[in-house]
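Please keep the sequence and the model in view while reading.

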Amino acid sequence: MSLLEAAKNANTAFSEIPIIDLKEITDPDPVVQQALAKQIRDACIDVGFFYVTNHNISEAIIESALESMKTYFASPLEVKMELDNKKTPNFKGYNAILSSNNDPTGAGDMHEGFEFGWEALGDSPGTLDARRMKDGSMAGANVWPDVPGFRVSLLRYYHAAVALGKNLFPLFARALDLAPDFFDDKTQNSAALVRVLHYPPQTGPIDERVIGIGAHTDFECFTILWQQPDIQALQVCNTSGEWIDAPSIPGTLVINLGDQFARWTNDVFKSTVHRAANRSGARRYSIPLFFGTDYDVLLEPIPSCVSAERPPRYEVVTAGDYVKMRLQATYGH
């Protein structure tokens, strides 16, 4: 079945999130790679979400990042607000509880977060290296709190997740009937952002307009999400309007597609609406890494995703301008 035929016959009223084993992700055998790409194609067309196992981000790296997050978020609010993300041109830094609003019908997101992008571990904190010179509207260095070990542990997680993301791009290319290296020249500068998140427990009467993070789609090509075990929060909306739980499964990460891929693929790949509501009574932590194309790349529809029956659906913009526009909408409420 061709790519566009598969998109036309998609089963988007899903009731569960598929699990894909990445143990053979670096196997050079093209037959193995094509079989893996077929699983990814089905997940991207039908659901827009999938779990991965054997992702090669070690538990030690995850645990170190988690402990640093807990220490940072326990800091006094006035200390965290010194790095308020509205003080930076690219929204890096700290966002306070209710300062973001991902769902336009909501009244704010019940979480706090801290966002940063590419930075080499060996560089001085906040160094803006040459690869960031083409970031356009998203240009600007990271900012870091004065919390021992925070920067190092989070950057170790960041670079491990970026390595996973780079290994996924050839599979996405194969899934779109493209050469495996199609995305190589469009992802040279790691336009990837991490936002570490803390969801406090919601107690007492609950305003349904205020949940952990309101219904939304992500901005970039795809998101690599680590979520805290034993706390159910993430839900994914199918085309029947049903909210499907996406619980934390030990040893897995969640991959979900974002708007850049939806625009690039002319909606062949789904950027699926999702939300998180922490009703557990406990604090919840998660680490999404949003992996996009380089900020100066035009989000033009891929030829294999366009036909007379499926003309281009989106205005062409640069990736950076699109991300900046979405961030302004999220934090400008």
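A strand, as the word is used here, is a DSSP run of type E with at least two residues, and strands are numbered from the N terminus. Glutamine 235 has its place in one such run, strand β8, which covers residues 234–237. The model is predicted.

**The open sheet with β8**

- The strands β6, β11, β8 and β9 form, in that order, an open sheet of four strands with antiparallel pairing.
- Strands β6 and β9 (243–245) are the edges of this sheet; each has a single partner strand, so one side of each is left without a neighbour in the sheet.
- From one strand to the next, the twist averages 20 degrees.
- Within the sheet, β8 and strand β11 (residues 274–276) run antiparallel and are joined by three bridges.
- Valine 236 has histidine 274 of β11 standing opposite.

- Is glutamine 235 buried or exposed? Its relative accessible area is 16%, and buried means under 20%, so glutamine 235 is buried.
- Which side chains make polar contacts with the side chain of glutamine 235? One is that of aspartate 245, at 3.1 Å, and another is that of arginine 275, at 2.8 Å.
- When neighbours within four places in sequence are left aside, the residues in contact with glutamine 235 are Trp243, Ile244, Asp245, Ala246, His274 and Arg275.

**Histidine 216 in β6**

- Histidine 216 belongs to strand β6, which spans residues 213–216.
- Histidine 216 counts as buried because its relative accessibility is 8%.
- The side chains of histidine 216 and aspartate 218 are joined by a polar contact of 3.2 Å.
- Apart from residues up to four places away in sequence, histidine 216 touches Asn102, Thr272, Val273 and His274.

- Strand β7 (residues 222–227) is mostly covered, with six of its six residues buried.
- Phe222, Ile224 and Trp226 point one way from β7, while Thr223, Leu225 and Gln227 point the other way, and all are buried.
- How many bridges join β7 to strand β10 (residues 253–257)? There are four, and the two strands run antiparallel.
- Threonine 223 has phenylalanine 290 as its bridge partner in β12.
- Strand β10 is likewise mostly covered, with five of its five residues buried.
- From β10, Leu253, Ile255 and Leu257 point one way and Val254 and Asn256 the other, and all are buried.
- Strand β10 pairs with strand β2 (residues 49–53) as well, in the antiparallel sense and over four bridges.
- Valine 254 in β10 has tyrosine 51 standing opposite.

**The packing of helices α2 and α5**

- Two packed helices are described by the angle between their axes and the distance between the axes.
- Helix α2 (residues 30–46) packs against helix α5 (residues 150–175) at an angle of about 75 degrees, and their axes are 8 Å apart.
- Why is α2 described as roughly perpendicular to α5? Angles of 65 to 115 degrees count as roughly perpendicular, and the angle between these helices is about 75 degrees, which makes α2 roughly perpendicular to α5.
- On the α2 side, the residues that meet α5 are Pro30, Gln33, Gln34, Leu36, Ala37, Ile40, Arg41 and Cys44; on the α5 side they are Leu171, Phe172, Arg174 and Ala175.
- The residues of this contact divide into eight nonpolar, two polar and two charged.

**Tyrosine 72 in α3**

- Tyrosine 72 lies in helix α3, which covers residues 59–73.
- Tyrosine 72 counts as buried because its relative accessibility is 2%.
- Apart from residues up to four places away in sequence, tyrosine 72 touches Lys80, Tyr94, Phe114, Pro145, Val147 and Phe150.
- Tyrosine 72 and valine 152 are 80 residues apart along the chain, and 13 Å separates their C-alpha atoms.

Methods
Residues numbered from 1 in each chain as written. Predicted model: local features only at pLDDT ≥ 70, side-chain atom pairs only at ≥ 80, totals over all residues. Heavy atoms only, no water. Buried < 20%, exposed > 50% of the residue type's maximum accessible area, 1.4 Å probe, protein only. Polar contact = N/O pair within 3.5 Å; in protein donor to acceptor, adjacent residues only side chain to side chain. Contact = heavy atoms within 4.5 Å. Pairing = 2+ DSSP bridges. Axes fitted to C-alpha atoms, helices over the stretch in contact; angles between N-to-C directions. Parallel < 35°, antiparallel > 145°, perpendicular 65-115°, else oblique. Nonpolar A, V, L, I, M, F, W, Y, C, P; charged D, E, K, R; others polar.
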